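Thanks for making the time this morning.

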Amino acid sequence: MATIERFEELEVWKTARKLTKRVYEHTQQEPFAKDFGLRDQIQRASVSVMSNIAEGFESRTQSIFVDHFVDHLGRARGSAGKVRAQLYVASDQGYLSDAEFEATYDLADKASRQLFRLIQYLESKPNASRVQEKSVEYQINLDTPE
């Protein structure tokens, strides 16, 4: 596995992004768009998958990175499950065709499986330095008046 420097490089984040895009496409169509409760719930759940991956990756410190990241990945996985459950509700209400349900469900399931494998990997290699931030130099010019 290559070193990951940005959360956008994670395949699971890319899958979550596709899932969120698909959820928003579905929820903008009638009659789904008018079911405000379900629409908002499934949108928030799909965004939560992406957001928890990003937040866990970005809010790390060396000493507790793996535990912190794994915790956020677990939350993301829970949100992927929530999306799958809400897709059943949408399907049962006739908001999605069978093909739309299957394609979107498959993305949510893929994200869940990718999250599970990433969690397993991180837990098996707690001291691995596969995820890191490039060093950045900052310059402050104190001679320039504001």
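Predicted model: local features only at pLDDT ≥ 70, side-chain atom pairs only at ≥ 80, totals over all residues.

**Fold and helix packing**

Of the 146 residues in the protein chain, 40% count as buried, and if we take contacts between residues at least 6 apart in sequence, 71% of them join residues at least 24 apart.

Let me now turn to α1, which covers residues 11–27, 17 residues in total, and which reaches 24 Å from its first C-alpha to its last, close to the 24 Å expected at 1.5 Å a residue. Its buried residues are V12, W13, T15, A16, L19, T20, V23, H26 and T27. Viewed down the axis of α1, these buried residues fall within an arc of 155°, so they line one face of the helix, whereas the face turned away from that buried side carries the exposed residues R17, K18 and K21.

Which helix does α1 cross at roughly 155°? The partner is α4, residues 98–124, and the two axes come within 9 Å. Because angles over 145 degrees count as roughly antiparallel, α1 is roughly antiparallel to α4, and the crossing of the two helices is left-handed.

As for the residues that meet there, the α1 side includes V12, T15, L19, V23 and H26, while the α4 side includes A103, L107, A111, L115 and L118. Among those on the α1 side, V12, T15, L19, V23 and H26 are also buried.

Conventions: Residues numbered from 1 in each chain as written. Heavy atoms only, no water. Helix = DSSP H or I, 4+ residues; strand = E, 2+ residues; numbered from the N terminus. Expected span 1.5 Å × (residues − 1). Buried < 20%, exposed > 50% of the residue type's maximum accessible area, 1.4 Å probe, protein only. Arc of directions from axis to C-beta. Axes fitted to C-alpha atoms, helices over the stretch in contact; angles between N-to-C directions. Parallel < 35°, antiparallel > 145°, perpendicular 65-115°, else oblique. Left-handed = near helix turned anticlockwise from the far one by under 90°. Contact = heavy atoms within 4.5 Å.
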